[in-house]
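I opened my notebook to go through one protein model piece by piece. Here are my entries, in the order I looked things up.

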Amino acid sequence: MVGSVMKNRMKNWGRSGRSLVVTGAQWMKRMPLAFVLLIVVGILGVVLMQRVVEIHTSVGVWSSEAILRNEMQYPKVNDGIRKSTVSGAEFWEQYKREEAAQRVAEEKAVAGVDIDSPHFLWPEILKHNDMVRVEIDSAADIPAEYRNCDVYKSKQVEENWRKWLHLNRSGLQRPAEPVFKVIVLTFNRSSSLQRLLTSLEEAVYNGSNVDLDIFIDKPKDGTPLDEETLRVGVESTWSHGEKTVLARKVHAGLVAQWIDTWQPRAGMNDHVMLLEDDLEVSPWYFIWWRNAQRRYGHRPDIAGCTLQRGTLRARQTTLKTPLNVSETYETFLYPLVGSWGYAPRRESWMQFREWYHKNGTNPSFHPYVEGLKPTEWYKSQEAKGTMWTMHYIWFCDKNKLFVVYANLKNKWTLCSNWREAGLHYSNSNPKPDFVPLPRNESLPALSEHPIMLDWAGVIHNAKPQPPGRVNDRKHPATVHRPTNTTSVEEIRLQSNKTKNQGNNKTHVSPEK
């Protein structure tokens, strides 16, 4: 009986299935084609929405309005794995960085040169000193400073340098990161040049890339330049950046050597230290220079910073003793330029060069600053035309500019002058004026508001700075903030008031 019941049920199920198929077929025949399309579109829409949700989960939705409001939160993706959330502004900045990197990669592919580095050179290549003379196609191919010079570069870097010149002509500029360069001015003192280059090579750079340019002047009488000096420059070791030796084809003279060997251009971010060959630098010269540039490079009242130890009292109407700033003040500002290792602030140097080439070369112009000792020296040798510093002193005086000096203990200096026989000295037994700061000593701290001296050595913000040293060689100088953060304008007003009243002057104690 059970078997007959199951048989009847199977028949009924078969009839029901056939009836469903017939009904579905009849329904499909009667349904409009548009309705079928609507269903298909609906199904596709559901699939698409699922995909949109997946995209939103992985990289976020691009909404400029929400990004500007910084309201949206996006997940950071690392190989498709969500790590953490990042704000919309950060997501947008990351996109711009990636886009810029892609453009750089395209430029690199076109130029065939690594333009990520401002020097386009590999560190291991820089250590080679097998230098060759570079053939220049035209004067337009090289910087203005290199014209009228035979240019010597390493064989390995010559090709990259040519590609850099091509990039310059095509409108591509070097990156805006700071570029440091040391420029050495020399003539015929090969042993002096060797001593300076050795001290530069052995200094502390902490991995910073520093270029080196050596300008060798040609004698005024047209005779060939000193071959031994050229040999020292070419064969010297320089492992901290790109080295270029420039042998002048025509005589430039000391003034042109100083004023025209660095011609800063807009859009660059280079910083230069100018050194004559009879100097010797401390191992800490670069670290102090870099820190001083970071600390004071933004100030419009700064002309530059010097490695020279400040001892000359420029105006000696009251005191005629040498300048001797107390060791309490480890940094001070002084209007007098120190040319024994001088790093001009690029903006003020551009203004000075523009002014000098318009006015300083006029024979009827005399850059006298009356009452100053340098003016007396300049008048005694004005006919020689070798004292470029007087024009710079006049420029700083008219524009109220100051030079940054380091005031080291024990009468150490960041750069010693051997005062060898030349245009300004006739010493047959040269000796350094001061001992360079040794490597085992620490650098002085750089105050955000250092004391300011006038031409006579008068201190106008005389409260002492807290003492401090820089013991970590890999970090910038510690900032000490004195309690009297007087502005430059207030200092000048105070100076004028003090002069009118004739009292309350604070003089630097004379050197014993």
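**Entry 1: strand 13**

I started with strand 13, where Phe402, Val404 and Ala406 point one way, Val403 and Tyr405 point the other way, and all are buried. I noted the rule for buried: under 20% relative accessible area, with exposed over 50% and partly exposed in between (1.4 Å probe, protein chains only).

**Entry 2: what I'm looking at**

This is a predicted model, where local features need pLDDT of at least 70 and side-chain atom pairs count only at pLDDT 80 or more, while totals for chains, interfaces and linings use all residues. Residues are numbered from 1 along each chain as its sequence is written, and side-chain values use heavy atoms, with hydrogens and water left out.

I looked up the totals too: the protein chain has 14 helices and 19 strands. Of its 512 residues, 45% count as buried.

**Entry 3: partners of strand 13**

Which way do strand 10 and strand 13 pair? They pair in the parallel sense, over 3 bridges. I checked the rule: two strands pair if DSSP finds at least two bridges between them. Ile302 has Phe402 as its bridge partner in strand 13, and Gly304 stands opposite Val403.

**Entry 4: strand 10**

Next I followed strand 10 (residues 302–306). 5 of the 5 residues of strand 10 are buried, so this strand is also largely enclosed by the rest of the structure. Strand 10 is joined to strand 12 (residues 342–344) by 3 bridges, and these two run antiparallel. In this pair, Thr306 stands opposite Tyr342.

A reminder I keep on the inside cover: two packed helices are described by the angle between their axes and the distance between the axes. Axes are lines fitted to C-alpha atoms, for helices over the stretch in contact, and angles run from 0 to 180 degrees between N-to-C directions.

The axes of helix 11 (residues 346–360) and helix 13 (residues 389–399) come within 11 Å and cross at roughly 115°. That makes helix 11 roughly perpendicular to helix 13. My cut-offs: under 35 degrees is roughly parallel, over 145 roughly antiparallel, 65 to 115 roughly perpendicular, and the rest oblique.

I listed the contact residues (contact means heavy atoms within 4.5 Å). Helix 11 gives Ser348, Trp349, Gln351, Phe352, Trp355, Tyr356 and Gly360, while helix 13 gives His391, Tyr392, Trp394 and Phe395. They divide into 7 nonpolar, 4 polar and no charged. Ala, Val, Leu, Ile, Met, Phe, Trp, Tyr, Cys and Pro count as nonpolar, Asp, Glu, Lys and Arg as charged, and the others, Gly among them, as polar.

What do the buried residues of helix 11 pack against? I found helix 9 (253–260), strand 8 (270–276), strand 10, strand 12 and helix 13.

**Entry 5: helix 9 and helix 11**

The axes of helix 9 and helix 11 come within 11 Å and cross at roughly 140°. That makes helix 9 oblique to helix 11. Val255, Trp258, Ile259 and Asp260 of helix 9 meet Trp349, Phe352, Arg353, Tyr356 and His357 of helix 11. I got 6 nonpolar, 1 polar and 2 charged residues in this contact.

**Entry 6: helix 7 and helix 8**

Helix 7 (residues 190–201) and helix 8 (residues 227–235) pack at an angle of about 15°, with axes 9 Å apart. That makes helix 7 roughly parallel to helix 8. Ser190, Leu193, Gln194 and Leu197 of helix 7 touch Glu228, Thr229, Val232 and Gly233 of helix 8.

In helix 8 I found Thr229, Leu230, Val232, Gly233 and Val234 buried.

**Entry 7: Ser192**

Is Ser192 buried or exposed? Ser192 is buried, with a relative accessible area of 2%. This residue lies in helix 7. Leaving out residues up to four places away in sequence, Ser192 touches Asp277, Asp278 and Glu420.

Key
Helix = DSSP H or I, 4+ residues; strand = E, 2+ residues; numbered from the N terminus.
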